[in-house]
Amino acid sequence: MNTENNIPSAIDQLKSISTTVISDALGINRGISGLKKYHQHSLKLVGRALTIKCSPGDNLYVYKALKLVQKGDVLVVDGRGAVNNALMGELIMLQGLKNGCEGFVIDGAIRDVEAFRNTPVYARDTTHFGPFKNGPGEIGVPVSIGGHVVCNGDFIVADDDGVVSFSPEQVDEIIQKSLEILKKEEGIIDQINTNRMDWVDLILDKAGI
């Protein structure tokens, strides 16, 4: 099991592994779905979740979380999927980055999309309407993002293909399985390059067709 002292090494390894490979290592259909990336470039996001649960369209506790952000955190906001009011925009993004935030995963809407061009952000939608600031909310509790439970401190990995998360207790196993998958895929690519289809036959034989 990885200790907190080994977390930086794990993060470095995860930066070189795609979400598709990690998703396969986690198992079919396990992970966050329904969010879209709104940054304009191909960016990799790896960090630890700082979880926030908001009332729909209300970002008061996002402000509170800005006071708690530590270097390497990813703000993970459960906005109940509501998209009528944005939960964050350029100002919160800038303050979060200033405080050490690596990126943002929002089950809700954002605004000021152009400002996120070079900052990893995944959200359900966009809107020009601003948020309420009344609460209630919670920080550091399990949240539901696209139907997937994310706990405070979980690993977040995101890229062009989407967002995955898993607990610190799983990180060694996920990295090991991911490396095994990558090695297997290298063998398949070698077959393709040498005009062999053994890997296709293996799948079809297993299915009995």
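Start with Arg 80, in the loop between β3 and β4 of this predicted model. Its phi is near 60°, a positive value in a residue other than glycine. Show the surface here: Arg 80 counts as exposed, because its relative accessibility is 52% and the cut-off for exposed is over 50%.

Next, select Asn 195. This residue sits in the loop between α5 (171-193) and α6 (198-207). Asn 195 is not a glycine, yet its phi is positive, at about 60°. With a relative accessibility of 74%, Asn 195 also counts as exposed.

For a further backbone feature, go to Gly 135 and Pro 136. The peptide bond that joins them is cis, with omega at about -5°. Pro 136 belongs to the loop between β6 and β7 (137-139).

Which residues touch the most other members of the largest nonpolar core? Select Leu 75, Met 88, Phe 104, Ile 106 and Ile 110; the core they belong to has 21 residues. To see where this core comes from, colour β2 (45-54), α3 (60-66), β3 (73-78), β4 (86-88), α4 (90-98), β5 (103-110) and β6 (121-126), each of which supplies at least two of its residues. In soluble globular proteins, nonpolar side chains tend to be buried together.

Centre the view on Leu 75 and display its contacts. Leaving aside residues up to four places away in sequence, Leu 75 touches Leu 50, Ile 52, Ala 65, Leu 66, Val 69, Cys 101, Gly 103, Phe 104 and Val 105. Apart from this core lies another, made up of 18 residues; Leu 26, Ile 174, Ile 175 and Ile 181 are among them.

The last stop is the cysteines. How many disulfides are there? The count is zero. Cys 101 is in no disulfide either, the nearest cysteine sulfur being that of Cys 54.

Are these two cysteines buried or exposed? Cys 54 counts as buried, because its relative accessibility is 2%. Cys 101, at 5% relative accessibility, counts as buried too.

Key: Residues numbered from 1 in each chain as written. Predicted model: local features only at pLDDT ≥ 70, side-chain atom pairs only at ≥ 80, totals over all residues. Heavy atoms only, no water. Core = buried A, V, L, I, M, F, W, Y, C linked by side-chain atoms within 4.5 Å. Buried < 20%, exposed > 50% of the residue type's maximum accessible area, 1.4 Å probe, protein only. Helix = DSSP H or I, 4+ residues; strand = E, 2+ residues; numbered from the N terminus. Contact = heavy atoms within 4.5 Å. Disulfide = S-S within 2.5 Å.
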